[in-house]
Amino acid sequence: MKKISGLLFAAVVSLAANGAIAQEYVIKFSHVVAPGTPKGKAADLFAKMVNERMKGRVKVEVFPNSQLYNDNKVMEAMRLSDSKTTGIMAAPSLSKFVKFSRTIQAFDIPYLFNDIDDVHKLVDSPIMDKMTKPLERKGLKAISLWDNGMKVFSIRGDKPLKKVPDDFKGRKFRIQSSEVHAAMIKALGGIPQKLPFKEVYQALSQGVVDGQENAWSNVYSKKFYEVQDYITVSNHSYLGYMVVVSAEFWNNLPDDIRKELTAIMAEATAANRRFAAEADSGDRARIEAAGKAKVVELTPEELAQWRKAVAGVEGQFSKQIGTALLADIHKLLG
Ligand code: LMR
């Protein structure tokens, strides 16, 4: 009886909030990128599938472009939320989870992954569970991992980033809130500056920073290429996302609803990998066709210099990440 009246109450509350169609549960999916990116498209697809297949029971609303929260704020909101009927969901980049799990920093180690296939080896392995499980104690439930792609560097000025450390010297680079990124920029010879994603375009256009590192889809969709002179295809590390939801909300969902959402999320994740692969070549081509920033490749010798310059970064963080975990990752990647 108590359960029935609770459900009834939830239904009435969401009826009031959502107009004519009663939803027992509402998920607010907040993210910071443009809707046309691999993350934006996957979030929209997840919402579409849930809203069609679970009509009347669950409704997903997507808020792109930092409209609702930036990434640090959304994780706090998620942790503080105790609503059993409205859940906050987000997909912040893996680099932004360090406050909640130091092991996740492994993803930021430069040149740990040779390519996206290496990333998938790790993401699809049992090691991933070990890395995400501890988040639950912090109020965050990890339900999937989504790709964006390998990152490239962009810079303004008359000199592309090719030689390290000379081409980085005296130049400021926007980074996400990651100490590994800060150590990497210093190792390359540059000056790191942490900024939220939504401030990057302005910081680049006003010269607050000289450059930044990101995946092609962000450089394209946020028009960074219009205010940068060169893009170096460095593929130095991975930009990917952990899809998280308030643990309290998730764990309180009825089993059948949680199961169906999990299955739909698996479909959205498969689609995300396709969207990311398309953006990787497509957005690069669109940037090249625009003729604004010039795309430059590293010679094998230059690449060897970059790798050498950042080789010590892993050692600086191996204790925090866990030496045994890192050894397992290296073994897995071969
Ligand atoms: C960034 O801050 O550069 C990225 O995390 C943005 C994103 O979510 O892709």
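At what angle do α4 and helix α13 (residues 323-333) pack, and how far apart are their axes? The two helices pack at an angle of about 125°, with axes 10 Å apart. The model shown in these views is predicted: local features need pLDDT of at least 70, side-chain atom pairs count only at pLDDT 80 or more, and totals for chains, interfaces and linings use all residues. Residues are numbered from 1 along each chain as its sequence is written.

**View 1. Packing of α4 on α13.** The angle of about 125° makes α4 oblique to α13. Angles under 35 degrees count as roughly parallel, over 145 as roughly antiparallel, 65 to 115 as roughly perpendicular and the rest as oblique. Axes are lines fitted to C-alpha atoms, for helices over the stretch in contact, and angles run from 0 to 180 degrees between N-to-C directions. Helices (H or I, at least four residues) and strands (E, at least two) are DSSP runs, numbered from the N terminus. The crossing of α4 and α13 is right-handed; a crossing is right-handed if the near helix is turned clockwise from the far one by less than a right angle, and left-handed if anticlockwise. D118, K121 and L122 of α4 make the contact with I329, L332 and L333 of α13, where two residues are in contact if their C-beta atoms, placed from the backbone, lie within 7 Å. By class, the contact of α4 with α13 has four nonpolar, no polar and two charged residues. Ala, Val, Leu, Ile, Met, Phe, Trp, Tyr, Cys and Pro count as nonpolar, Asp, Glu, Lys and Arg as charged, and the others, Gly among them, as polar.

**View 2. Packing of α2 on α10.** Helix α2 (residues 38-53) packs on helix α10 (residues 255-290) at an angle of about 150°, with the axes 8 Å apart. That makes α2 roughly antiparallel to α10. The crossing of α2 and α10 is right-handed. On the α2 side the contact residues are P38, K41, A42, L45, F46, M49, V50 and R53; they meet L261, I264, M265, E267, A268, A271, N272, F275, A276 and A279 in α10. The contact of α2 with α10 divides into 14 nonpolar, one polar and three charged residues.

View 3. Seven of the 10 residues of α6 are buried, so α6 is largely enclosed by the rest of the structure. A residue is buried if 20 or more other C-beta atoms lie within 10 Å of its own, exposed if 12 or fewer, and partly exposed in between, with C-beta atoms placed from the backbone. The buried residues of α6 are V180, H181, A183, M184, I185, A187 and L188, and they pack against β5, β6 (191-194), α11 (300-310) and α12. The axes of α6 (residues 179-188) and α12 (residues 313-321) come within 9 Å and cross at roughly 160°; α6 and α12 are therefore roughly antiparallel to each other. The crossing of α6 and α12 is right-handed. V180, A183, M184 and A187 in α6 meet V313, Q316 and F317 in α12, a contact with six nonpolar, one polar and no charged residues. G189, with a positive phi near 105°, follows α6.

**View 4. The ligand shell.** V32, V33, S93, N148, Q176, F197, N214, N218 and L239 are the residues around the ligand; a residue is near a molecule or strand if its C-beta atom, placed from the backbone, lies within 6 Å of it. The shell divides into four nonpolar, five polar and no charged residues.

View 5. Most residues other than glycine have a negative phi, and most peptide bonds are trans. In the loop between β4 (140-155) and β5 (172-175) lies P165, joined to V164 by a cis peptide bond with omega about -5°. Y111, not a glycine, has a positive phi of about 60°. Y111 sits in the loop between β3 (86-90) and α4 (116-123) and counts as partly exposed, with 18 C-beta neighbours inside 10 Å. N235 has a positive phi near 45° and is found in the loop between β8 (230-233) and β9 (238-246). With 19 other C-beta atoms within 10 Å, N235 is partly exposed.
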